[in-house]
Amino acid sequence: MELMPELTLARPDTVEEAVRLRGEDGARYLAGGTDMVVNIRRGIERPSALVDLTGIAELTAISAGPEGVDIGAAVPLAEVAAHEIVKKDYRAVAEAASEVAGPTHRNYGTVGGNLCLDTRCLYYNQSEWWRKSNAYCLKHRGEICHVAPGGKRCFAAFSGDLAPAALVHGAEVTVAGAAGRRRVALDALYRNDGMDHLALADGELVVALHLPAASAGLASGYRKARIRGSIDFPLAGVAASLRMEGGTVAALEIALTAVNPYPHRLRGCDKFLGLALDGEALDGLRDVVRSQAKPMHTTTVQPWYRRRVVGALARRLVAELAR
């Protein structure tokens, strides 16, 4: 990696001031920096200024109330993983936060950073000289997607852990920009596009993650596969929430990460409503997951393996929740 370039660092006290500073040419938001700083040193990101969000009190608090739990975007992941209400009522979210990289990363990495994590690919997350020797790639400064050379679409995979766990709890996010604030379903934050996967206007900032009271207490969990258990991004990840009534499925949500350019909830979960989760139903669920997972050769692990793994993880997780 290269040394950090010279740049300006601003430390605003409010969200509105941060948005104003981000509007200046070449500025980027920074909180934990566990992914951003690496990309700067690799020459992937080239900001002229960084807007440090960690001094904004609104962004660094977790609060619980009758409408649910609000988690500021600059809250460290380690704090989310250890929060008693999150662990009790939104277990998948706590588990996902606890599974991000290693302990040091979780102490610095933040909720907003993990939700807005850049998509990853074997041909993108490399040093400047490596990418240049391969004529760069479609996602950054190149003209060809090395994963799918015949097309004009980027298949870099979203690999954040927190998003699928929040999705199965029906989470929302508050976003702030030059036009003010808006609150949207977390699903609406993402697009199925490896080059442009966030549906944010230029300069918009994710302010908070909202976990609704309606999904508090659901049986939920998060599981992932990775090469090294102590640090790596997921090769495939799955979150699920489940409510059983009278031995049959009354509510089921499943969300995937690392096998598509965006995190998304599984389509077709309603077909399992009213069913007992026997072996046949669990096999059917596994097959539905595999059919919607579309991994490409964006890591050193073969796509077919990641598709099989994510199906197996989903089957095992839902079976555990049912018990």
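**The second largest pocket**

Modeller: By class, six nonpolar, four polar and three charged residues make up the lining of the second largest pocket. This is a predicted model, and the pocket in it holds about 150 Å³ of space. Its lining consists of 13 residues. Those that lie nearest the centre of the pocket are Val-168, Ser-215, Leu-218, Ser-241 and Glu-253. Two elements give two or more residues to this lining, namely β10 (236-245) and β11 (248-257). Of the elements, β11 gives the most, with three residues.

The C-alpha trace spans about 60 × 50 × 35 Å along its principal axes. The radius of gyration of the chain is 20 Å, which agrees with a compact globule, because a globule of 323 residues would have a value near 20 Å. Of the 323 residues, 53% are buried, that is, under 20% relative accessible area. Contacts also reach across the sequence: among those between residues at least 6 apart, 62% join residues at least 24 apart.

To return to the pocket, the picture is of a lining of 13 residues, to which β11 gives three.

Notes
Residues numbered from 1 in each chain as written. Predicted model: local features only at pLDDT ≥ 70, side-chain atom pairs only at ≥ 80, totals over all residues. Heavy atoms only, no water. 1 Å grid on protein atoms, 1.4 Å probe; cavity = no way out; pocket = protein on both sides within 12 Å on 5 of 7 lines; lining within 4 Å. Points joined across faces, edges and corners; volume = space filled by probe spheres on them. Helix = DSSP H or I, 4+ residues; strand = E, 2+ residues; numbered from the N terminus. Nonpolar A, V, L, I, M, F, W, Y, C, P; charged D, E, K, R; others polar. Rg over C-alpha atoms; globule rule 2.2 N^0.38 Å. Buried < 20%, exposed > 50% of the residue type's maximum accessible area, 1.4 Å probe, protein only. Contact = heavy atoms within 4.5 Å.
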